[in-house]
Amino acid sequence: WLTDAFVEAPVLAAIGNNDCYPDYNVAVNDTLLQGIYDAWEQWIPSEQRETFLTAGCYSTTLTAGLRGISLNTILYSREHTPYTDAESDPDPGGQFAFLEAQLEEAADSGEVVYIVGHIPPGNDQYHMQEFWQNSYTDYYLALTTKVSLSLPSPHIYTHSLSLSLSL
């Protein structure tokens, strides 16, 4: 129905914790990623297929000069199952390496970047704890501020079901 209602609008989808069962249960190279890919195939460029099937992330051109990067942020969550220990696996599925390469490509070509994910880095305002494991948050923030883009990139997350602004 989304593509029927917004025929010309580009779609940049991200995996959410309720897209898997049990909740938060999606792993690197998970067979669930194939099912999600099959449902979202019209939005994911074919050259991004293997990246998506490995880590659940992808990049696409939304319009000329605008790149969208979708991250599978469930992998960084404190609630993720099977639990990924950030100390033993600092880059699940190579997603941070993927993000860095995409940001560098965008900087080199002068593109604006939108980064989307489901679970945001930072604090859960309802439970007063970090959404992500601390070392993943630290790495993400260092990475996204390291690459110099021509314009600031919005980071858009939907997990908290509330409108909030983090600087």
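Reader: Which helix is included in what covers the buried residues of α2?
Author: This is a predicted model, in which local features need pLDDT of at least 70, side-chain atom pairs count only at pLDDT 80 or more, and totals for chains, interfaces and linings use all residues. Residues are numbered from 1 along each chain as its sequence is written, and side-chain values use heavy atoms, with hydrogens and water left out. Helices (H or I, at least four residues) and strands (E, at least two) are DSSP runs, numbered from the N terminus, and contact means heavy atoms within 4.5 Å. What covers the buried residues of α2 includes α3.

Reader: Within what arc do the buried residues of α2 fall?
Author: Buried means under 20% relative accessible area, exposed over 50%, and partly exposed in between (1.4 Å probe, protein chains only). In α2 the buried residues are Leu33, Ile36, Tyr37 and Trp40. They line one face of the helix, because the directions from its axis to their C-beta atoms fall within an arc of 105°.

Reader: Is Trp43 buried or exposed?
Author: Trp43 sits in the loop between α2 (32-40) and α3 (49-55). In space, its C-alpha is 6.3 Å from that of Val11, although 32 residues separate the two in sequence. Since its relative accessibility is 17%, Trp43 counts as buried.

Reader: Which are the edge strands of the sheet?
Author: Two strands pair if DSSP finds at least two bridges between them. By that rule, 4 strands form an open sheet with mixed pairing, in the order β1-β2-β3-β6. Pairing on one side only marks the edge strands, β1 (58-63) and β6 (155-157).

Reader: What is the average twist from one strand to the next?
Author: Axes are lines fitted to C-alpha atoms, for helices over the stretch in contact, and angles run from 0 to 180 degrees between N-to-C directions. From one strand to the next, the twist averages 25°.

Reader: What angle does the direction of α4 make with that of β2?
Author: β2 (residues 66-70) pairs with β1 in the antiparallel sense over 5 bridges; in β2, Leu66 is the bridge partner of Thr63. Helix α4 (residues 95-109) packs on the sheet and touches β1, β2 and β3 (112-117). Its direction and that of β2 make an angle of about 175°.

Reader: How many salt bridges does a search of the whole structure find?
Author: A salt bridge is a side-chain nitrogen of Lys or Arg within 4 Å of a carboxyl oxygen of Asp or Glu. One of them joins the side chains of Arg49 and Glu50, at 2.7 Å from N to O. The number found in the whole structure is 4.

Reader: How many residues apart are Arg67 and Glu111?
Author: Arg67 forms a salt bridge with Glu111, the closest N and O atoms being 2.5 Å apart. Arg67 lies in strand β2 and Glu111 in the loop between α4 and β3. Arg67 is buried at 8%, and Glu111 is buried at 11%. In the chain, the separation of the pair is 44 residues.

Reader: Is Lys146 buried or exposed?
Author: The side chains of Lys146 and Glu100 meet in a salt bridge of 2.2 Å, N to O. This pair links helix α5 (residues 134-146) with helix α4, 46 residues apart. Glu100 counts as buried at 18% relative accessibility. Lys146 has a relative accessible area of 53%, so it is exposed.

Reader: Which residues do salt bridges that share partners join into one network?
Author: Arg67 has Glu111 as a salt-bridge partner. Through shared partners, salt bridges join into one network the residues Arg67, Glu105 and Glu111.
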